[in-house]
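My entries are kept in the order in which I made them.

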Amino acid sequence: MPHAAARPKRLGMSEYPKTSALMRRGAEFLGSEHAILCGAMSWVSERHLVAAISNGGGFGVIACGAMTPDLLDAEIAGTRALTSRPFGVNLITMHPMLFDLIAVCAKHGVSHVVLAGGIPPKGSVEAIKDFGAKVIVFAPTLALAKKLLRSGADALVIEGMEAGGHIGPVATSVLAQEFLPELAAEHLVFVAGGIGNGGMIAAYLEMGAVGVQLGTRFACASESIAHPAFKAAFFRANARDAVASVQLDPRLPVIPVRALKNKGTAEFDAKQREVALLLDQGSVDMGEAQLRIEHFWAGALRRAVIDGDVESGSLMAGQSVGMVTKEEPVAEIIQTLMAECEKALSRR
Ligand SMILES: Cc1cc2nc3c(=O)[nH]c(=O)nc-3n(C[C@H](O)[C@H](O)[C@H](O)COP(=O)(O)O)c2cc1C
């Protein structure tokens, strides 16, 4: 298993003065050397990748996904054993045991909790702040972003439709133009979706972002436990292979998921038809129908990431997958991104 001591030595912050200056507020908020988050990826963002990211100068985030409180408890403890640096925990707002999961984070004194997958339910932001953690939220619209920031969220991630996993309908570049001029002066905004090269990071930092979040670029790092077949599929893929799922039934508002096209894409369509039929028959309500859809993704992603079933499993990946060409240690990926960003800023 990867070990902190075996990793290449990190360069100091002064190696990237322009980038570090623009990332300063983000890095201070995260408590990391660089304001580069590795977004939580279900099954992929477990203790080894999360610790490697934080040890490598970035900020790792555990993907709680559908984990039970006991499993999350063990994952946080396991991550702590591998890094003394800060890391976060990503909780899905629709998890039926959300408040128990928050209690587990409190028990461990987790410093940052990311609430993903929908509007945070009443009391959740307060419950997190009560034990002293920072709350990071996603917001698909500017109005919602302002509301969440007013009601106690400490930082915001704006994530465009180029990203891997569950996505919204708007491109990162457009979100950045809408959100950053309005919010960047007073709030901490991180940009996610479609970032594969440090040149892009430079552009978002110059627009006022305090940092960035990447997923796809880190999914196949040497420290990632993803199955070799999952990684090989990423190395082969081009941007155009990472497609968004299509909603088949107008009543069933499934959140689109971006993944590499395979047999699983067709199986998802079959699943939607099956669940729509159950809705027709009245044997499930809308909430249950949506949960069944989400369970499909969780199961399919596990099959691809853990079992290496790249045929019918879900290969969630963003459009930046075309820039993922080989297995590299996390620390090297972070240094490459920082160097590319610094070079771009130095040309100005
Ligand atoms: C395989 C995979 C699984 C993901 N799972 C989650 C998740 O469980 N929770 C979440 O908030 N985001 C999830 N994401 C989104 C990432 O956290 C991140 O925001 C996204 O990958 C950033 O865009 P990029 O892929 O273009 O770098 C996932 C992304 C991928 C590629």
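The notes below begin with the ligand and end with the helix pair.

**Entry 1. Setting.** I am working from a predicted model.

Entry 2. Which atoms lie 2.6 Å apart at serine 42? I found an N or O atom of the serine 42 side chain on one side and an oxygen atom of the ligand on the other. At glutamine 213 I recorded 2.8 Å between a polar side-chain atom and a ligand oxygen. Glycine 164 takes part through its backbone, with an N or O atom 3.2 Å from an oxygen atom of the ligand.

**Entry 3. Burial of the ligand.** I computed 600 Å² exposed for the ligand taken alone, of which the protein buries 94%.

**Entry 4. Helices α6 and α7.** I turned to α6 (residues 142-150) and α7 (residues 172-183), whose axes are 10 Å apart at an angle of about 35 degrees. I recorded the crossing as right-handed. From α6, Leu142, Ala145, Lys146 and Leu149 make the contact; from α7, I noted Glu178, Phe179, Glu182 and Leu183. The residues of this contact comprise five nonpolar and three charged, with no polar ones.

How values were computed
Residues numbered from 1 in each chain as written. Predicted model: local features only at pLDDT ≥ 70, side-chain atom pairs only at ≥ 80, totals over all residues. Heavy atoms only, no water. Polar contact = N/O pair within 3.5 Å; in protein donor to acceptor, adjacent residues only side chain to side chain. Areas by Shrake-Rupley, 256 points an atom, 1.4 Å probe, with all protein chains shown as cover. Axes fitted to C-alpha atoms, helices over the stretch in contact; angles between N-to-C directions. Helix = DSSP H or I, 4+ residues; strand = E, 2+ residues; numbered from the N terminus. Left-handed = near helix turned anticlockwise from the far one by under 90°. Contact = heavy atoms within 4.5 Å. Nonpolar A, V, L, I, M, F, W, Y, C, P; charged D, E, K, R; others polar.
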